[in-house]
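Here are a few notes to read with the structure open beside you. They begin with strand pairing and then turn to charged side chains.

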Amino acid sequence: SQLQEIILPTLKEGEHVDVSKIVMPRKETQPPTRYSQSTLLKLMEENNLGTKATRAEIIQKLYARNYISGIKSIEPNQIAFAVIDSLEKHCRIVTEPKMTAEIEKEMEEVAAGKKKKTIVVDDSRLLLTGVLDQLLENKQTISMDLKKALFHQDIMGKCPNDSGNLVMRKAGATGKRFLGCSNYPACKTTFPL
């Protein structure tokens, strides 16, 4: 569709004009579009996360660990939100690209012969020891946050027989998945998947 310029007639002050139609479209603010694999790779490159050789592997790990799903439009899963929320509360530096980008930059300087390997290793060790100390200090809280998220991710609805939730379970002997009431053993309601 090409733009067509319409010349309006000259108007004089005080002149009456017949209004034939008023269009007021109701639009709402839309969220930003989700990343695709290619836009995520580009964002990682811009933030100096990973190397050209490792970025695709990092994204595949996110899929394998069920942090994200979707191909054309990547969508974070419940557990991904829980991991980020918990780490932002208890070890914020891990969620920011700055730390990883700095380590990557220093490793590139070692490869280029601009920095000594021992200095970079010592710097990285010091930084990562601090991160590990923070994570260990908050281990219990982070663990509870993730367990709650995993549980809520598996809730598929309400149990029709009591106040429990229908939760996705896996049978130990067969490995088959089914829905079972969260109030088991008091409620033995199950549904096959």
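1. Strands here are DSSP runs of E with at least two residues, helices are runs of H or I with at least four, and both are numbered from the N terminus. Two strands count as paired if DSSP finds at least two bridges between them.

2. Before going further, a word on the model. This is a predicted model, in which local features need pLDDT of at least 70 and side-chain atom pairs count only at pLDDT 80 or more, while totals for chains, interfaces and linings use all residues. Residues are numbered from 1 along each chain as its sequence is written, and side-chain values use heavy atoms, with hydrogens and water left out.

3. E5 (residues 177-181) also pairs with E4 (residues 165-170), in the antiparallel sense and over five bridges. Across this pairing, leucine 166 stands opposite cysteine 181 in E5. The hairpin of E4 and E5 has six residues between the strands, and glycine 175 takes a positive phi near 80 degrees there. As you look along the strands, keep in mind that in a regular strand the side chains alternate between the two faces of the sheet.

4. How many salt bridges does a search of the whole structure find? The search gives six, a salt bridge being a side-chain nitrogen of Lys or Arg within 4 Å of a carboxyl oxygen of Asp or Glu.

5. Lysine 89 lies in helix H3 (residues 78-90) and aspartate 145 in helix H6 (residues 139-153), so the pair ties together parts that are 56 residues apart in sequence. Lysine 89 is exposed at 59% relative accessible area, whereas aspartate 145 is buried at 17%. Here buried means under 20% relative accessible area, exposed means over 50%, and partly exposed lies in between (1.4 Å probe, protein chains only).

6. Aspartate 122 and arginine 125 form another salt bridge, at 3.8 Å from N to O. They sit three residues apart in helix H5 (residues 117-137), so about one helical turn separates them. Aspartate 122 is partly exposed at 46%, and arginine 125 is exposed at 53%.

7. Finally, do look at Glu106, Glu109 and Lys115, which are linked in a network of salt bridges. Within it, the side chains of glutamate 109 and lysine 115 meet at 3.8 Å, N to O. Lysine 115 is partly exposed, at 29% relative accessibility.
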